[in-house]
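Here is a short briefing to read with the model open beside you.

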Amino acid sequence: MKKQRQEKIIEIIHEHEVETQEDLARFLNEAGYSVTQATVSRDIREMSLIKVPGIRVKQRYTVSTEGGGGGSSGFGRQYTGVLQDGVVSMEQAGNLLVIKTVSGMAMAVAAAIDAVKLEGIVGSIAGDDTILCAVKTEEQVSSVMESMQALIHSMTEG
């Protein structure tokens, strides 16, 4: 039952912007799972769900890929979707990559960049609509930009 419930949670957070544990409990109860807020809280912790900025809500739950791969899995596709929806432009400034995003999306895009673990990026800082990515060397910035463009375009082609 727990495995099916946690699979349903993943389905729910992919389909809806779930802001609170109470909202998640309501969606689960509507789907036929009798849960309490304590059960939902335990599931969130066990599944390593994190909150990222939402579009219609302030914050929403999503799956953290910390310690769990990513790549071309469903979670990897989720993050490339965030990149596709959020990135407006990219520009090199020395060994920094400056990424402009849709207003309010910078933190979600930065989380997606961290999750897909692009080779060369050592860290990123996000504001409201701008991200600064520190790249190991100035020479690697163009390949990081190409990798990010490939991720963004993989969603429209696949």
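The largest pocket holds about 310 Å³ of space. A pocket here is an open set of points on a 1 Å grid over the protein atoms alone, where a 1.4 Å probe fits, with protein on both sides within 12 Å along at least five of seven lines; lining residues have an atom within 4 Å of a point. This is a predicted model, in which local features need pLDDT of at least 70 and side-chain atom pairs pLDDT 80 or more, while totals for chains, interfaces and linings use all residues. Residues are numbered from 1 along each chain as its sequence is written, and side-chain values use heavy atoms, without hydrogens and water.

**Pocket lining**
- Of the 15 lining residues, His14, Glu17, Ile55, Arg60 and Asp85 lie nearest the centre of the largest pocket.
- H4 gives the largest share of this lining, four residues.

**Nonpolar cores**
- The largest nonpolar core has 24 residues, and Leu83, Leu97, Ile99, Val109, Ile113, Ile131 and Met148 have the most contacts inside it.
- Such a core is a set of buried Ala, Val, Leu, Ile, Met, Phe, Trp, Tyr and Cys residues joined through side-chain atoms within 4.5 Å.
- H5 provides the largest share of this core, seven residues.
- Another core, of 16 residues, lies apart from it and includes Ile12, Phe27, Ile44 and Val63.

**Arginine 5**
- Arginine 5 sits in helix H1 (residues 2-15); helices are DSSP runs of H or I with at least four residues, numbered from the N terminus.
- Arginine 5 is buried, at 13% relative accessible area, where buried means under 20% with a 1.4 Å probe and protein chains only.
- Beyond four places in sequence, Arginine 5 touches Leu28, Tyr33, Val35, Thr39 and Asp43, contact being heavy atoms within 4.5 Å.

Terms used. Helices (H or I, at least four residues) and strands (E, at least two) are DSSP runs, numbered from the N terminus. Buried means under 20% relative accessible area, exposed over 50%, partly exposed in between (1.4 Å probe, protein chains only). Grid points are joined across faces, edges and corners, and a volume is the space filled by probe spheres set on the points.
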